Amino acid sequence: MAFLLYLFLFFLFNSRLNNAQGPPSPGYYPSSRVQSLKFNQGFRNLWGPQHQSLDQSGSGFKSLKNYRSGYFGTYMKLQPGYTAGIITSFYLSNNQDYPGNHDEIDIEFLGTTPNKPYILQTNVYIRGSGDGNIIGREMKFHLWFDPTKDFHNYAILWDPNEIIFFVDDIPIRRYLKKNDATFPERPMYVYGSIWDASSW
């Protein structure tokens, strides 16, 4: 009887461990668990719709609705060559609802010059506008591949306790909620843009 009880507890304990929610591990592919959304079903053009093709640049789009949490991803292939001053970004923001006091979660590619790699920058801003009152932090990453050669998946997983940034389903940054003042909790829209930031 004790042996059967031991087996029961062993299987119960193992099944709970296997179903536990924790940080992603190798073999975990969040992008395969979500359904893609067609552009016109979930987004609208903000500016430059004539440039939303593979051979043009300078455009922005915004989701039709805002979100309090979720998995947000995109497939991107970056422009090769001289792109210094150009920012290609995919981000969450509520800047139109809270001007000067907005929240933002960003994946940005900083433009580059030939023979130098792109830098991926992640940002988490809370109640700030770039005026020195920002709560949050930027982090820069050098990728292990050339993002101009093929399309890659870039994603943000935002839940009430943490934000995880992914590149091809590999977590590259985890931002934990320490308290309400340092974590975005207000609804945000999803944006994408490519723009000239050389004067910024």
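These are my notebook entries on a predicted protein model.

**Ground rules.** I note that the model is predicted, that local features need pLDDT of at least 70 and side-chain atom pairs pLDDT 80 or more, while totals for chains, interfaces and linings use all residues. Residues are numbered from 1 along each chain as its sequence is written, and side-chain values use heavy atoms, with hydrogens and water left out.

**Whole protein.** I looked up the secondary structure and found 2 helices and 11 strands (DSSP runs numbered from the N terminus: helices are H or I with at least four residues, strands are E with at least two). From the N terminus, the order is α-α-β-β-β-β-β-β-β-β-β-β-β. Of the 200 residues, 37% are buried (under 20% relative accessible area, with a 1.4 Å probe and protein chains only). I then checked contacts (heavy atoms within 4.5 Å): among those between residues at least 6 apart in sequence, 57% join residues at least 24 apart.

**Strand E5.** I turned to E5, residues 102-110, and found 9 of its 9 residues buried. His102, Glu104, Asp106, Glu108 and Leu110 point one way from E5. Asp103, Ile105, Ile107 and Phe109 point the other way.

**Neighbours of E5.** Which strands pair with E5? I count a pair where DSSP finds at least two bridges between two strands. Strand E4, residues 86-93, runs antiparallel to E5 and is joined to E5 by 7 bridges; Tyr91 has Asp106 in E5 as its bridge partner. Strand E6, residues 119-128, also pairs with E5 in the antiparallel sense, over 8 bridges. There, Val124 in E6 is the bridge partner of Ile105.

Definitions and conventions:
Buried means under 20% relative accessible area, exposed over 50%, partly exposed in between (1.4 Å probe, protein chains only).
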